[in-house]
Amino acid sequence: ILSYLLAKILSKDDVIGLLTAFFVTVSQWFFIISRTGYEATAGLFFFILGIYLFLLGKDKKKYFLVFSSLSFILSLYSYNSFKLVIPLTLLLLIIFYPKDLIASMRTSKALIISLIILILGGAGVANAILLGKSARMDEVGISTPYNQKKYQTVLLVVSNYISHFNPNFLFFSGDINKRSQLSGFGQINFIYIPFLILGICYIFQKKRVEYLRPLTLLLIAPIPASITRESPHALRSIVAVPFVALITSFGIYKLASFFKKKIYIYFLVIIISLSSFFIYYKNFITDYSKQTSNDWQYPYKKAFENSSKFDQFDQVIISDRYSQPYIFALFYLKYNPTKFRNEVELNRTIRKETSVVKRIGKLHFTNIDFYQLPKGKNLIFAHPSERMDEIDYMQVINNPDGSLAWFVYEYEK
């Protein structure tokens, strides 16, 4: 709905608004992320809402500017990418609409209130960034070796940015992180390539600033991912989704303008899109969970299904190779929160403020090493790469696709 409203107010055309909403709905980029409960989707919601309310408020209904500021702040705190996207978007909005904002400042208190909300709401984020206290950035940001020159870092950021426009990423293979895309599918359905080209031509053909705004907003989408190690990155550049859909809609609108019966073109495009999306959706339903069980840490579910045996052992040692097993322990074992806080032991030697849990009671989360096993009777879940030849494994647990998930050992030291 918000995609429709934003596209309609930017293009001043209902048809383009409806097409944009449709393409967001069947977007391969957005679908996979929206199915998995990422906080980035909430961030995108408040981001689009913020722009839409701003566009409503800049003209007559000034009080919408206050709600726009609140939406931008909610987006800012929802997902790390928006800590960069929101300031850049606000800067672009100031550049796009200077006269409207100056007029609003003279005639209404709403803009002043909005600025206060933005300053107070964004102070925490700004403070963390300026003081270098962003724990997540420490974990995923580009690391700069002491002997690497600054221009090399700049070149790496530029290279990361450009990688988001690589046709292979966009249309054919998608994000290599299987949590962000199905294998064999791009972030954008390749059938939309001609419509995107037509859409860009349509933007420049219009020779009006308002048509350049969606393209400009699209160009800021890859910036957050560009300063991280994993690029291109579909999740961190999720802001691109509505603007890709809007530009695609421009292209179809342009194509339809060559025909008298425009409705037939729209109908044909929708049928082709739905047919293509059905293939994508079928793969999601039938194959995706099997292909990505490791990526979604399915082995931890299998490990904690054995919890009825845990009482028979002094220690239960679980490999952390699949990442942060304690979260799954708390969920599947229905661990008492108070008990967890009393028993938890953090491994502060690994990631400073992003420390992982090293131990909860008898549950140990670590790399499996035969010579480092604690004394007592141990139940051990070892990653396939941690197989211990010194002792025989008791059981093998497989993933849904048949690949190996765990070697299970019982060993008393």
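Angles under 35 degrees count as roughly parallel, over 145 as roughly antiparallel, 65 to 115 as roughly perpendicular and the rest as oblique. Axes are lines fitted to C-alpha atoms, for helices over the stretch in contact, and angles run from 0 to 180 degrees between N-to-C directions. The model is predicted: local features need pLDDT of at least 70, side-chain atom pairs count only at pLDDT 80 or more, and totals for chains, interfaces and linings use all residues. Residues are numbered from 1 along each chain as its sequence is written, and side-chain values use heavy atoms, with hydrogens and water left out.

**Figure 1. Helices α5 and α6 pack at an angle of about 150°.**
Helices (H or I, at least four residues) and strands (E, at least two) are DSSP runs, numbered from the N terminus. Helix α5 covers residues 64-76, and its axis lies 8 Å from that of α6. The two helices are therefore roughly antiparallel to each other. On the α5 side, the contact (heavy atoms within 4.5 Å) uses Phe72, Ser75 and Leu76. Helix α6 brings Phe82, Lys83, Ile86, Pro87, Leu90 and Leu93. By class, the contact holds seven nonpolar, one polar and one charged residues. Here Ala, Val, Leu, Ile, Met, Phe, Trp, Tyr, Cys and Pro count as nonpolar, Asp, Glu, Lys and Arg as charged, and the others, Gly among them, as polar.

**Figure 2. Helices α4 and α6 cross at roughly 10°.**
Helix α4 spans residues 39-57 and helix α6 residues 82-96. Their axes come within 12 Å. The pair is therefore roughly parallel. Ala40, Gly43, Leu44, Phe47, Ile51 and Phe54 make the contact from α4. Phe82, Val85, Ile86, Thr89 and Leu93 make it from α6. These residues divide into nine nonpolar, two polar and no charged.

**Figure 3. Phenylalanine 82 is among the residues with the most contacts inside the largest nonpolar core.**
A nonpolar core is a set of buried Ala, Val, Leu, Ile, Met, Phe, Trp, Tyr and Cys residues joined through side-chain atoms within 4.5 Å. Buried means under 20% relative accessible area, exposed over 50%, partly exposed in between (1.4 Å probe, protein chains only). The largest core has 81 residues. Phe23, Trp29 and Phe47 join Phe82 in the list of those with the most contacts inside it. Leaving out residues up to four places away in sequence, Phe82 touches Ala40, Gly43, Leu44, Phe47, Ser75, Leu76, Pro87, Ile238 and Val239. A second, separate core has 23 residues, including Phe304, Leu363, Phe381 and Ala405. In soluble globular proteins, nonpolar side chains tend to be buried together.

**Figure 4. Serine 114 is a buried residue, at 3% relative accessibility.**
Serine 114 belongs to helix α8, residues 110-130. Serine 114 touches Leu65, Val66 and Ser69, not counting residues up to four places away in sequence.

**Figure 5. Seven strands form an open sheet with mixed pairing.**
The strand order is β2-β3-β4-β1-β5-β7-β6. Two strands pair if DSSP finds at least two bridges between them. Strands β2 (344-347) and β6 (395-398) are the edges, each pairing on one side only. From one strand to the next, the twist averages 25°. β2 pairs with β3 (residues 356-360) in the antiparallel sense over four bridges. Leucine 346 stands opposite valine 357 in β3. Helix α18 (residues 325-332) packs on the sheet and touches β1 (315-319), β3 and β4 (363-366). The direction of α18 makes about 155° with that of β4.

Glutamine 324 sits in the loop between β1 and α18. Its relative accessible area is 24%, so glutamine 324 is partly exposed. Lysine 334 sits in the loop between α18 and α19 (337-343). Lysine 334 counts as exposed, at 71% relative accessibility.

**Figure 6. Serine 231 and proline 232 are joined by a cis peptide bond.**
Omega is about 0°. Proline 232 is placed in the loop between α14 (223-226) and α15 (240-256).

**Figure 7. The protein chain has 20 helices and seven strands.**
The C-alpha trace spans about 80 × 50 × 45 Å along its principal axes. Of the 413 residues, 46% are buried. Among contacts with a separation of 6 or more, 68% join residues 24 or more positions apart.
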